[in-house]
Amino acid sequence: MKFGVSTFITDQGISPTSFGTALEERAFDSLFIAEHSHIPADRETPYPGGGELPEMYYRTLDPFVALTAIGVVTERLLLGTGIALIPQRDPIITAKEVASLDLISGGRVIFGIGVGWNREEMRNHGTDPSTRGRLTDERLRAMRELWTAEKAEFHGEFVNFDPVFAWPKPVQRPHPPIYVGGGEGAFPRVAQLGDAWLALGVSPQELGPQIERLRARAGREVPVTVYAAPDDPEQIEGYGRLGVERLLFYVPTMPERETLEYLDRLVEVAARYR
């Protein structure tokens, strides 16, 4: 089982380059960073975590800018979006960003995606929350065409373009792996468009039956990465018994000294299972 980290990179915490270097020095295999383009000041959509929405949600750096900086100062660390909000992203621009990062990093991108939860945020991007699932699926299909075809063309309900040239192509073939975030409602998307499932903080007891249902739906052994995994030894052992591919420990957004101390503690936890 591999161990990585998930976090929000903001203007208030450790710098992206210092964070990436620290993770690679401590032999973590991957970093997945969150995305929010903005947060509307007036919201009706409740925060899924309950209570007030933490400040980090509206102070996040652009994930592709941050991951590019990290890619330049690292050699092995996998660079993941966790998650990129596809209903809020133009597919042509996003396909170019993903492919450019994959080229610059030497093929280290993991494209973690999801449909999002903040309806007001989506609406500011011109997205109807009620159709965000269909929109996400179509944009992913369009991006795959842009990554793999010399002349890419797509005609759908939401995305429509005649033949185009779009370069660079990703280093990874046919394209960087797509890790689909979400609960069981995302299983059809994982089955049809995903290379892995990015499960959010699900306990091993819940996760086992879910993995069985997912793999039955997909008809294949879909790899599973657990986002925001607890550092509890009993639960880590439970994930290991399930054959989970990777655990992502959540690291709060903190200044550099506190972040490095936190990572050192996580290294000790991970070392018991490597």
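In the predicted model, Arg 123 and Glu 120 are joined by a salt bridge in which the closest N and O atoms are 3.8 Å apart. The two residues lie three positions apart in helix α4 (residues 119–124) and are therefore separated by about one helical turn. Their accessibilities fall in separate classes: Arg 123 is partly exposed, at 47% relative accessibility, whereas Glu 120 is buried, at 11%.

A search of the whole structure returns 17 salt bridges. One of the pairs is formed by Arg 189 and Asp 137, whose closest N and O atoms are 2.4 Å apart. This pair connects distant parts of the chain, with Arg 189 in helix α6 (residues 187–193) and Asp 137 in helix α5, 52 residues apart. Arg 189 and Asp 137 are both buried. A further salt bridge links the side chains of Arg 59 and Glu 55, with an N to O distance of 3.1 Å. Arg 59 has a relative accessibility of 27% and so counts as partly exposed; Glu 55, at 36%, is also partly exposed.

Thr 45 is located in the loop between β2 (30–33) and α2. With a relative accessible area of 7%, Thr 45 is buried, because this value is under the 20% limit. A polar atom of the Thr 45 side chain lies 3.2 Å from the backbone nitrogen of Arg 119.

The loop between β2 and α2 also holds His 38. His 38 has a relative accessibility of 24% and is therefore classed as partly exposed. When residues up to four places away in sequence are not counted, His 38 touches Glu 121, Asn 124 and His 125. The side chains of His 38 and Ser 37 are joined by a polar contact of 2.8 Å. The C-alpha atoms of His 38 and Tyr 58 are 5.3 Å apart, with the two residues separated by 20 positions in sequence.

Nonpolar residues were examined next. In soluble globular proteins, nonpolar side chains tend to be buried together. The largest nonpolar core of the model comprises 65 residues, and those with the most contacts inside it are Phe 19, Leu 31, Phe 111, Trp 197 and Leu 207. Helix α5 (residues 132–148) supplies the largest share of this core, five residues. Another core, apart from this one, has 15 residues, including Met 56, Trp 117, Tyr 179 and Ala 196.

Within the largest core, Leu 207 is one of the residues with the most contacts. Neighbours within four places in sequence aside, the contacts of Leu 207 are Trp 197, Ala 199, Val 202, Val 224, Val 226, Tyr 239, Leu 242 and Val 244. Trp 197, listed here as a contact of Leu 207, is likewise one of the residues with the most contacts inside the core.

On the surface, Val 72, Val 73 and Ile 104 form a nonpolar patch with about 270 Å² of accessible area together. Val 72 belongs to helix α2 (residues 63–73). The relative accessibility of Val 72 is 61%, and Val 72 therefore counts as exposed.

Note on methods: Residues are numbered from 1 along each chain as its sequence is written. This is a predicted model: local features need pLDDT of at least 70, side-chain atom pairs count only at pLDDT 80 or more; totals for chains, interfaces and linings use all residues. Side-chain values use heavy atoms; hydrogens and water are left out. Patches are made of residues with over 30% relative accessible area and no salt bridge: like charges are joined within 9 Å, nonpolar side chains (Val, Leu, Ile, Met, Phe, Trp, Tyr) within 5 Å. Accessible areas come from the Shrake-Rupley method with a 1.4 Å probe; for residues, only the protein chains shown count as cover. A salt bridge is a side-chain nitrogen of Lys or Arg within 4 Å of a carboxyl oxygen of Asp or Glu. Helices (H or I, at least four residues) and strands (E, at least two) are DSSP runs, numbered from the N terminus. Buried means under 20% relative accessible area, exposed over 50%, partly exposed in between (1.4 Å probe, protein chains only). A polar contact is a pair of N or O atoms within 3.5 Å; within protein, one must be able to donate a hydrogen and the other to accept it, and residues adjacent in sequence count only if both atoms are side-chain atoms. A nonpolar core is a set of buried Ala, Val, Leu, Ile, Met, Phe, Trp, Tyr and Cys residues joined through side-chain atoms within 4.5 Å. Contact means heavy atoms within 4.5 Å.
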